[in-house]
Each structure stands twice: as C-alpha cells, then as structure tokens.
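Here is a briefing on one chain fold, for reading beside the model.

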Amino acid sequence: MVKAVYPGSFDPVTFGHLDIIRRSCAFADEVIVGVLNNKAKSPLFSVEERVKMLREVTKELTKVKVIPFEGLLVEFAKQNQANIVVRGLRAITDFEYELQMAQTNHKLEPQIETMFLTTRLEYSYLSSTIVKEVAAFGGDISQFVPEAVIEMMKEKMPQ
C-alpha cells in the first residue's frame, strides 16, 4: 500500500493545494493531508479551522485523510505508516528550499521519499498569502479558493 503525506499550513487551502491533493490520489492508495500546527507562526485560521476547511473541500476524495500535526514531518509520516512525502513546487525559489528539506528528511528517515509535483500553470502564482492579501482589501477570491473557504474568510475578514 502506498501512503503519501502532503504537509502544509493551508492558511487557507487554495485551488493549487487541491490540485496537488487530487493528483496525489492518482498514485497513492491513501493521501494524508498533514495540517501543520506551527507555534512560531500566527495563522489567520486555527489548526482546527484549517482541518475543518480541508475536510469540507476534500470530502468527495475517498483516499484523503486530514490530520493535524506538529513537530518533525518524518515522525508524522512514520506514525501514519507513510512512505512518500508530497511537495508542490511553483517556482525555482520553492525548489531550493524544498530540496534542502527533502535532503534533511531523507537523512533523518532514509526510507521516506519526497516526491515533487510542479503546480499547473494556472496555479503557479497562487499562494495562501496572496489570497489573504486580496481578501483583506475586499477583492474577489473566488478564482483562488473553493466556496467553503470564501465563507470562512468572510467570517475572519468582514468587509
């Protein structure tokens, strides 16, 4: 059985994230979306809200499980018997950081491989930070995130 972990902050989840999740389902028997609870950051949404958001927008994907985590990614992968870490790449700047992380993770746990998926062209510019900035100024984010996310964004950023 091939189990993959797709980790991230998902603050909020975007169509780019969903594209990587869907594409991961094509090669993995189970895709565990790991929602990082990073105490060093101040996310817009709590980890519980991000988990709820992801469960809502992936409910039709039967291979997907959404689980919060903190700490080392390789430990989370081991706890869930995952042998692949999936990472999305938008640009060369992403690659430099992600390559370093993949090599570090491989050094910590050689049996866990990292697989890079390049984003589709239509999502190559998209990030959660951009979504939050557009929403903060009252812009239309419907082309960036699912409807369920728009509703949660309205609650957090009333205009």
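Where does P12 lie? P12 sits in the loop between β1 and α1. The model is predicted, so local features need pLDDT of at least 70, side-chain atom pairs count only at pLDDT 80 or more, and totals for chains, interfaces and linings use all residues. Residues are numbered from 1 along each chain as its sequence is written, and side-chain values use heavy atoms, with hydrogens and water left out. Helices (H or I, at least four residues) and strands (E, at least two) are DSSP runs, numbered from the N terminus.

**Backbone features**

- D11 and P12 are joined by a cis peptide bond, with omega about 5 degrees.
- F10 also belongs to the loop between β1 and α1. Its phi is near 55 degrees, a positive value in a residue other than glycine.
- F10 is buried, because its relative accessible area is 3%. Buried means under 20% relative accessible area, exposed over 50%, and partly exposed in between (1.4 Å probe, protein chains only).
- Q81 has a positive phi too, about 50 degrees, although it is not a glycine. Q81 lies in the loop between α3 and β4.
- Q81 counts as exposed, because its relative accessibility is 57%.

**The largest pocket**

- The volume of the largest pocket is about 1100 Å³. A pocket is found on a 1 Å grid over the protein atoms alone: it is an open set of points where a 1.4 Å probe fits, with protein on both sides within 12 Å along at least five of seven lines. Grid points are joined across faces, edges and corners, and a volume is the space filled by probe spheres set on the points.
- The lining holds 40 residues, and P7, G8, S9, R87 and E98 lie nearest the pocket centre. A lining residue has an atom within 4 Å of a point.
- β1 (3-8), α1 (15-25), β4 (84-89), α4 and α5 (128-136) each supply at least two lining residues. The largest share, 8 residues, comes from α4.
- By type, the lining divides into 16 nonpolar, 16 polar and 8 charged residues. Here Ala, Val, Leu, Ile, Met, Phe, Trp, Tyr, Cys and Pro count as nonpolar, Asp, Glu, Lys and Arg as charged, and the others, Gly among them, as polar.

- E98 is placed in helix α4 (residues 92-108). E98 counts as buried, because its relative accessibility is 8%.
- The side chains of E98 and R87 make a polar contact at 2.7 Å. A polar contact is a pair of N or O atoms within 3.5 Å; within protein, one must be able to donate a hydrogen and the other to accept it, and residues adjacent in sequence count only if both atoms are side-chain atoms.
- Leaving aside neighbours within four places in sequence, E98 is in contact (heavy atoms within 4.5 Å) with R87, L89 and F116.

**Nonpolar cores**

- The largest nonpolar core has 36 residues, of which V13, I21, V33, L54, V64, I141 and M153 touch the most other members. Such a core is a set of buried Ala, Val, Leu, Ile, Met, Phe, Trp, Tyr and Cys residues joined through side-chain atoms within 4.5 Å.
- β1, α1, β2 (30-36), α2 (47-57), β3 (64-69), β4, α5 and α6 (147-156) each supply at least two residues of this core. The largest share, 5 residues, comes from α2.
- Another core lies apart from this one, with 10 residues, among them F69, V74, F76 and I112.
- I21 contacts Y6, V33, L54, T58, L61 and V64, leaving aside neighbours within four places in sequence.

**E30 on strand β2**

- E30 is found in strand β2. E30 counts as buried, because its relative accessibility is 14%.
- The side chain of E30 makes a polar contact with the side chain of K3 at 3.3 Å.
- Not counting residues up to four places away in sequence, E30 touches V2, K3, A4, K63 and K65.

- Q79 is in helix α3 (residues 73-79) and counts as exposed, because its relative accessibility is 57%.
- The C-alpha atoms of Q79 and E147 are separated by 33 Å, and the two residues are 68 residues apart along the chain.
- G139 is in the loop between α5 and α6. G139 is partly exposed, because its relative accessible area is 34%.
- G139 and K3 are 136 residues apart in sequence and 38 Å apart in space, C-alpha to C-alpha.
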